[in-house]
Amino acid sequence: MSMAHGRDRILVTGWFSLLHGEATAGDVLALARVEEVLRGAGLAYDVVWSPGFRADGTHFADVDPAAYSRLLFVCGPVHGPQVEELHRRFAHCVRIAVGVSVVDPASPAVTGFDRVLARDGAGIGPGLDLAAHAPRLPGVPVVGVVLTHGQHEYGGRRRHAEVAAGLTRWLAGKDCARLELETRLDARDWRLCGTPAQLESVLARLDLVVTDRLHGLVLALRAGTPALVVDPVTGGAKVTAQARACGWPALVAAEAVARDPGPAGGKPGSRESGGGESEGGELERWWRWCLGEGRDAAARIGAGFRAADAVADAADGLVAALGAVRGAG
């Protein structure tokens with residue numbers, strides 16, 4: 001973010017700036033705290049981003065070191081050759097590390113700074129991480145994503161791969177917290193739920209489920225959570241049938257999602273995000289509905305599953321069928 005022009009500028013860096021570093025949520029929030037302080041003091045600064053994290057941001061390849069008089073390194077451990085390279089490239093700058101961990105106080109990565117405002121390290125009392133005081137953030141929808149790549153019984157009608165690719169590409173452009181989930185249970189794999197109750201507890205805490213699975217739909221509605229459902233079979237199959245049985249309208253055909261999704265990387269909430277689906281497209285329309293009136297609709301349907309006068313299912317005829325089979329035998 002550029003705030004002014006002139007030589008008395010500050011270049012703000014961190015591991016989120018380095019090509020082979022990483023941008024963690026904590027680091028980026030620490031940056032937001034530093035930006036808040038700089039703005040409050042009326043100081044001009046630019047932020048450098050790794051091209052792997054923000055392709056449209058300012059990168060080190062774009063930076064003229066002579067344009068800056070000071071360099072800040074924000075958060076994370078100060079160690080290694082990449083940090084040492086910053087000292088060489090910006091040797092003319094006053095260099096300050098803020099909110100960092102000092103692993104080896106004698107390393108060139110540390111001693112190259114003119115001032116180190118450490119978070120922790122050898123002989124340094126621990127201080128509060130910068131992320132703790134970062135500006136509060138607006139909430140975003142929490143979305144469970146339940147997809148299948150199987151169901152080979154549908155043969156040439158299968159569009160599972162195309163649907164999954166289209167959906168995940170579209171979701172990548174949505175401003176939401178995505179949580180990949182599995183209906184498959186496994187008590188030995190800590191990443192999976194071991195019981196239906198565990199999975200249902202997760203689903204009940206979500207704002208929305210995006211799924212191409214029959215049970216992704218049913219379990220979401222059981223938990224009172226709206227589901228944006230895609231039938232991954234050309235012409236519709238069991239997912240479409242189940243949506244109709246549940247009286248659930250947020251259903252999209254495979255053909256509408258498996259089209260060329262277009263370029264990825266649109267900004268969240270923009271017309272370009274999600275490729276292939278404009279703001280008036282089916283996915284966008286049902287997304288808005290699910291996060292609005294669809295929440296009440298899902299709650300009503302989920303409560304209806306448990307009502308005394310609930311719609312019959314196949315088990316309601318089981319006893320009679322067993323009696324008929326026994327009589328025939």
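Modeller: Start at Trp248. Leaving out residues up to four places away in sequence, Trp248 touches Leu217, Leu221, Pro226, Ala227, Val229, Ala243, Trp289, Cys290, Gly294, Ala297, Ala298 and Ile301. Keep in mind that this is a predicted model.

Biologist: Which residues touch the most other members of the largest nonpolar core?

Modeller: Leu167, Leu228, Trp248 and Trp287 do, in a core of 44 residues. Another core lies apart from it, with 20 residues, including Leu18, Tyr68, Val83 and Val110.

Biologist: How much of the protein is buried?

Modeller: Of its 329 residues, 41% are buried. The accessible surface comes to about 17,400 Å², and carbon and sulfur atoms hold 55% of that.

Biologist: Change of topic. How many helices and strands are there?

Modeller: There are 11 helices and 10 strands.

Biologist: In what order do the strands of the open sheet come?

Modeller: The order is β7-β6-β8-β9-β10, 5 strands with parallel pairing. From one strand to the next, the twist averages 20 degrees.

Biologist: And what holds strands together in general?

Modeller: Strands of a sheet pair through backbone hydrogen bonds, in a parallel or an antiparallel way.

Biologist: Back to this one. How many bridges join β6 to β8?

Modeller: There are 4 bridges between β6 (residues 142-146) and β8 (residues 208-211), and the two strands run parallel. As for residues facing each other, Val143 stands opposite Leu208 in β8.

Biologist: Which strands does helix α9 touch?

Modeller: Helix α9 (residues 282-291) packs on the sheet and touches β6, β8, β9 and β10. The direction of α9 makes about 150 degrees with that of β9.

Biologist: What about α7, which strands does it lie across?

Modeller: α7 lies across β9 (227-231) and β10, and runs at about 140 degrees to β9.

Biologist: I clicked on Thr240. Which helix is it in?

Modeller: Thr240 is in helix α7, which covers residues 238-246.

Biologist: Why is Thr240 called buried?

Modeller: Because its relative accessible area is 10%, and buried means under 20%. Leaving out residues up to four places away in sequence, Thr240 touches Asp231 and Leu251.

Biologist: Last one. What share of the contacts with a separation of 6 or more is between residues 24 or more positions apart?

Modeller: That share is 62% for this protein.

Definitions and conventions: Residues are numbered from 1 along each chain as its sequence is written. This is a predicted model: local features need pLDDT of at least 70, side-chain atom pairs count only at pLDDT 80 or more; totals for chains, interfaces and linings use all residues. Side-chain values use heavy atoms; hydrogens and water are left out. A nonpolar core is a set of buried Ala, Val, Leu, Ile, Met, Phe, Trp, Tyr and Cys residues joined through side-chain atoms within 4.5 Å. Buried means under 20% relative accessible area, exposed over 50%, partly exposed in between (1.4 Å probe, protein chains only). Contact means heavy atoms within 4.5 Å. Accessible areas come from the Shrake-Rupley method with a 1.4 Å probe; for residues, only the protein chains shown count as cover. Two strands pair if DSSP finds at least two bridges between them. Axes are lines fitted to C-alpha atoms, for helices over the stretch in contact, and angles run from 0 to 180 degrees between N-to-C directions.
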